[in-house]
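The sequence and structure are shown first.

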Amino acid sequence: MTAIFAMASALAMLFIIAFAGFDHPAFLVWCVFMGCTFTFVLSLVIGHYMADPLSSLHRKAKAVLEGDTRVTIEPDGKLYEADLLADDFIALSEQTKTKMSDLAVQQKRQTRFISDVAHELRTPLTAIRGNAETLMDPDMPQELRERFCHTIISESERLSRMANELLTLQHIEEGTDQVMMQRVNLHAIAEDVADALGPLIEERGGTLEVTGEAPDVLGIPDRLQQVIYNLVANASRFIGEGGHIVVKLEGLADRSVVSVLDDGPGFGNVDPKMLFTRFYRGDNSRARNTGGTGLGLAIAKSVVDAHDGTIEAFNRAEGGAAFIVALPSIHEHMH
């Protein structure tokens, strides 16, 4: 439009100059007047042509901002610049909708998280208060007094573990771990987990074994060790006397796979995705009695997600549960 206006002005000036050599002043004035009039009228036409689609776009944008869902902003082909602006409005609108949707999901998740935390805190706090009030009886036998004190200490320790795991989960999901990723040998960290949990599992009459090898991965060693630790600790709560846990390592395609297998009762008909939600317990009483906070599997999933991996669970055909972690392998040519 700017080019058209400039061309019209130039033609008007050329028209004036062409007649400037005549010796008739009146005719020259008339030519100047006609040229100016032509330019003015053409400017009004062009201005209206330019302003109309922009005004329409303004009205639509204002309506959308006021919450009118019936209005849609689309290019109408009348003005190239207005069409570009309409495309920008559409992109901005879609981006805003996406962000609003993500914000709504996040707010809903936070609300549910606060509700879950409040619910989980209520049980140990109630137990601590109840036992503390009972201890106020001066005539209580020493044996019962020690029993109630033990319960208070146990529940207090569980609260501390829960607080620490909640902070861990927050750091992982917000990406605030200020640790550089490095090459990680999965067999080495699996052996470290076996050294830490093996004696406890043996005390319960079970066994823990690490088998196979998997290609190295790029990650945070402590976090990946925490994944295997949490999966093995979870399995150890359900295997019972004479149970077995196997940490199996292998490479499949471009993935390093860690499988934690047990021969316990499995998790029944529960949706496997539910196992990785915060505070979920397949058996509340047993999980609490063994010190579980219901956050171990949620932390494991968050760590795996942060390493661009996947984690799945299923009931084994021969009995028991299987948790499979797949992480991107480091290719041999990488250093």
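## Helix 5 and its ends

Just after helix 5, G205 adopts a positive phi of about 85 degrees. Helices (H or I, at least four residues) and strands (E, at least two) are DSSP runs, numbered from the N terminus. The model is predicted: local features need pLDDT of at least 70, side-chain atom pairs count only at pLDDT 80 or more, and totals for chains, interfaces and linings use all residues. Residues are numbered from 1 along each chain as its sequence is written, and side-chain values use heavy atoms, with hydrogens and water left out.

Helix 5 covers residues 186-203, and its 18 residues reach 26 Å from the first C-alpha to the last, close to the 26 Å expected at 1.5 Å a residue; the expected span is 1.5 Å times one less than the number of residues. At its start, a side-chain oxygen of N185 comes to within 3.0 Å of the backbone nitrogen of H187. The helix bends by about 45 degrees at L197, with a proline, P199, following within four residues; the bend is the angle between axes fitted to the seven residues ending at a residue and the seven starting there. The buried residues of helix 5 include L186, H187, L197 and I201, where buried means under 20% relative accessible area (1.4 Å probe, protein chains only).

## Helix 6

The 16 residues of helix 6 (residues 221-236) should span 22 Å at 1.5 Å a residue, and the end C-alpha atoms are 22 Å apart, which agrees. Twelve of these 16 residues are buried, so helix 6 is largely enclosed by the rest of the structure. Among them are R223, Q226, N230 and N234.

Five strands form an open sheet of mixed pairing in the order 2-4-5-7-6; two strands pair if DSSP finds at least two bridges between them. Strand 2 (207-212) and strand 6 (310-315) stand at the edges with a single partner strand each, so one side of each is left without a neighbour in the sheet. Strand 4 (residues 244-252) and strand 5 (residues 255-262) pair in the antiparallel sense over eight bridges. The bridge partner of G251 is S256 in strand 5.

S259 lies in strand 5 and is buried, with a relative accessible area of 5%. Neighbours within four places in sequence aside, S259 is in contact (heavy atoms within 4.5 Å) with V246, V247, K248, E250, F323 and I324.

Technical notes:
Buried means under 20% relative accessible area, exposed over 50%, partly exposed in between (1.4 Å probe, protein chains only). A polar contact is a pair of N or O atoms within 3.5 Å; within protein, one must be able to donate a hydrogen and the other to accept it, and residues adjacent in sequence count only if both atoms are side-chain atoms.
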